[in-house]
Amino acid sequence: MSFWEKDTYFENVDVAIIGSGIVGLNAAIHLKTKYKKLKVVVLDKGLLSMGASSRNAGFCCFGSPGELLDDLKSQSETTVFSLVERRWKGLQKLRKNLVDKAIDFHNWGGFEVFDSEEAYQFCLENLSYLNKNISPLIGIKTVYKDATNQIKQFGFKGIKGMIVNLAEGQIDTGKMMSALVAKAHEAGVLIINMFDVVNIEDQNNSVAIHSKDDIIVSSGRVLICTDGFSKTLLPDYPVEPHRAQVLITKPIPKLKLKGTFHYDKGYYYFRNVEDRILLGGGRNLDFKTENTDQDGLTDLVQNRLEDILHNTIAPYAQPEVDMRWSGILGLGDEKTPIIKPVSKNVFCAVRMGGMGVAIGSLVGEEAAEMVGESL
């Protein structure tokens, strides 16, 4: 390392943020905007953000009826609906911070599709209850309504019922991350990629950050925003890595699909990306194997995704797969994120629960406020 590199990037660091995803970058931008004189450095182990921020499906994740009703079986109304409100507020903050055009936001609705008549009827019977509780939180009179009459226009096969969430939207996550990086640079945040943090030591007056390449950086405060990779630095925290496998098709002439869709209790999700279909999920096929922080693809999941693609979603087109990839989520027994001090000078904002697009902006700013108050 040269004198210039050490002096510019690694000396006199006030706040080091580990993880350059949605949460980490939003925290960095907020800190640097509020405390302009701080030296804020973001460290990430990948060439790009390695978790889920640029590898997700681009759903705004407002919440399908089936998901919320399932959550209500194990959580209180207050917990479930307050998280819905946070997801909504987080989405509005994302849109305000980056503007809709920059992230390619579209409010085309989010649909839950059912191949079980019983599951569909259960959700249908509870729509008025969900609308009554959610409407005051987001200011939309009717959030959910029956959309079974639209099944035919989408070209689905074997689907017996469908419900639409009129508040749901979709974004281009690549454009979102690019806009966040640009905004961070504009604010004066330093972003260092290929810096794999393996250990941190709170030394009371500062924090020593050790990289895999034996580089040690000293910082006044550290904020951990590594979500699905949190076990490395926070082994005792209730955050487990879960791999999400995804595929995207080649362009499909006269594609009938438009919007975002959840299927089979949300274990599968799909959407249009212009004239392509993006489809992901399937971790319920083998929870043990998919409980990992290692990228990769399995025949079991990919074959099931292709089966759903060809036989349920677009049997009229028989689309060809163009690309496949995976991302790592940070999940736990609870869906609420963990935003708290780890020690005197170390803090964390982890466990996005697969809702990073919706709540990441809000969580990042809340974490930044927590760190800022400690300075």
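Reader: Is the crossing of α4 and α9 left-handed or right-handed?

Author: A crossing is left-handed if the near helix is turned anticlockwise from the far one by less than a right angle, and right-handed if clockwise. The crossing of α4 and α9 is left-handed. This is a predicted model: local features need pLDDT of at least 70, side-chain atom pairs count only at pLDDT 80 or more, and totals for chains, interfaces and linings use all residues. Residues are numbered from 1 along each chain as its sequence is written, and side-chain values use heavy atoms, with hydrogens and water left out.

Reader: At what angle do helix α4 and α9 pack?

Author: Two packed helices are described by the angle between their axes and the distance between the axes. Axes are lines fitted to C-alpha atoms, for helices over the stretch in contact, and angles run from 0 to 180 degrees between N-to-C directions. Helix α4 (residues 77-98) packs with α9 at about 60 degrees, the axes being 11 Å apart. Angles under 35 degrees count as roughly parallel, over 145 as roughly antiparallel, 65 to 115 as roughly perpendicular and the rest as oblique. α4 and α9 are therefore oblique to each other.

Reader: Which residues of α4 and α9 meet?

Author: Contact means heavy atoms within 4.5 Å. From α4 come Leu 94, Asn 97 and Leu 98; from α9, Met 176, Ala 179, Leu 180 and Lys 183. By class, this contact has 5 nonpolar, 1 polar and 1 charged. Ala, Val, Leu, Ile, Met, Phe, Trp, Tyr, Cys and Pro count as nonpolar, Asp, Glu, Lys and Arg as charged, and the others, Gly among them, as polar.

Reader: How do the axes of α2 and α9 cross?

Author: Helix α2 (residues 22-34) and helix α9 (residues 173-187) have axes that come within 9 Å and cross at roughly 25 degrees. The two are therefore roughly parallel to each other. α2 passes α9 in a left-handed crossing. Ile 22, Leu 25, Asn 26, Ile 29 and Lys 32 of α2 make the contact, with α9 residues including Met 176, Leu 180 and Ala 187. The classes are 9 nonpolar, 1 polar and 2 charged residues.

Reader: What is the angle between α2 and helix α12?

Author: α2 packs with helix α12 (residues 356-374) at about 40 degrees, with the axes 7 Å apart. That makes α2 oblique to α12. α2 passes α12 in a right-handed crossing. Among the α2 residues in this contact are Ile 22, Asn 26 and His 30; α12 brings Gly 356, Gly 360 and Gly 364, among others. The contact has 8 nonpolar, 7 polar and 3 charged residues.

Reader: What is the strand order of the open sheet?

Author: Two strands pair if DSSP finds at least two bridges between them. The open sheet of 8 strands runs β4-β5-β3-β11-β12-β13-β10-β14, with mixed pairing. β4 (144-146) and β14 (321-331) are the edge strands, each pairing on one side only. Neighbouring strands are turned by 20 degrees against each other on average, direction ignored. β12 (residues 268-273) and β13 (residues 276-281) pair in the antiparallel sense over 6 bridges. Arg 271 has Leu 278 in β13 as its bridge partner.

Reader: Which helix lies across β4 and β5?

Author: Helix α7 (residues 127-138) does, running at about 160 degrees to β4.

Reader: How many helices and strands does the protein have?

Author: Helices (H or I, at least four residues) and strands (E, at least two) are DSSP runs, numbered from the N terminus. The protein has 12 helices and 16 strands.
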